Amino acid sequence: MADRGFPTHCPCGARVSRRTSKTPTNPGRLFHSCPYGNENNPNHLFKWTDLCMVEEIEDIKLNIDGLQMASVDTEKVVHVCQSQIENLTIQNSACCSLVRTLKNEISGIEQEIKDAHMELRSLKNMVACVVVLFVVYKLCT
């Protein structure tokens, strides 16, 4: 693939330039060549521009096909992600509802604990009064 399309450098390292043919067999035909070579010298680059263009177009078509396939795959992944987001949103709503229910239950239990604590204080005070009355009764009799 490296030698396809528009060349920029010759294998010898020289920068390639685009020129116009002045030969009778290819008048006005564009080509890319090394400044040190020609069409018959295999050691230096020579390539017709129209062939370069065909290679570029073929490579671009392959890239476009690849991008279209990747786009379809990406679209499928997006749909899967959207579905997962919808499921997670539903699960999140259910969890929030459960948390609210549990908070209400905890608040009720906390109130029951406060009420039980108050009852316990009342019982403690009653027991203290009974003990004091019993002591007073024993002392008086």
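What follows is a set of questions and answers about this model.

Q: What kind of model is this, and which residues count for local features?
A: It's a predicted model, where local features need pLDDT of at least 70 and side-chain atom pairs count only at pLDDT 80 or more, while totals for chains, interfaces and linings use all residues. Residues are numbered from 1 along each chain as its sequence is written, and side-chain values use heavy atoms, with hydrogens and water left out.

Q: How do you know that the span of helix α1 agrees with its number of residues?
A: Helices here are DSSP runs of H or I with at least four residues, and strands are runs of E with at least two, numbered from the N terminus. The expected span is 1.5 Å times one less than the number of residues. Helix α1 has 92 residues (49–140), so it should span 136 Å; its end C-alpha atoms are 129 Å apart, which agrees.

Q: Which residues of α1 are buried, and what covers the buried residues?
A: T49, C52, E55 and D59 are buried in α1. The cover for the buried residues of α1 includes β1 (17–20), β2 (30–33) and β3 (46–48).

Q: Why are β1 and β2 said to pair?
A: Two strands pair if DSSP finds at least two bridges between them. Four bridges join β1 to β2, so they pair, and they run antiparallel. One of the facing pairs is R19 opposite F31 in β2.

Q: What makes β1 and β3 the edge strands?
A: The open sheet has three strands in the order β1-β2-β3, with antiparallel pairing. β1 and β3 each pair on one side only, and that's what puts them at the edges. The twist averages 30° from one strand to the next. As for the helix, α1 packs on the sheet and touches β1, β2 and β3, where contact means heavy atoms within 4.5 Å. The direction of α1 makes about 70° with that of β3; axes are lines fitted to C-alpha atoms (for helices over the stretch in contact), and angles run from 0 to 180 degrees between N-to-C directions.

Q: Why are C95 and C96 not called a disulfide?
A: A disulfide is a pair of cysteine sulfur atoms within 2.5 Å. For C95, the nearest cysteine sulfur is that of C96, 7.1 Å away, so C95 is in no disulfide. C96 is in no disulfide either, its nearest cysteine sulfur being that of C95. A search of the whole structure finds zero disulfides. At 46% relative accessibility, C95 is partly exposed, and C96 is partly exposed at 34%.

Q: Where does UniProt place the "coiled-coil region", and what does the chain look like over residues 99–126?
A: The unreviewed UniProt entry places that feature at residues 99–126. UniProt positions are given in the numbering used here, feature names are shortened, and annotations may be inferred rather than shown by experiment. In the model, the chain over residues 99–126 is 100% helix and 0% strand, with end C-alpha atoms 40 Å apart.

How values were computed:
Buried means under 20% relative accessible area, exposed over 50%, partly exposed in between (1.4 Å probe, protein chains only).
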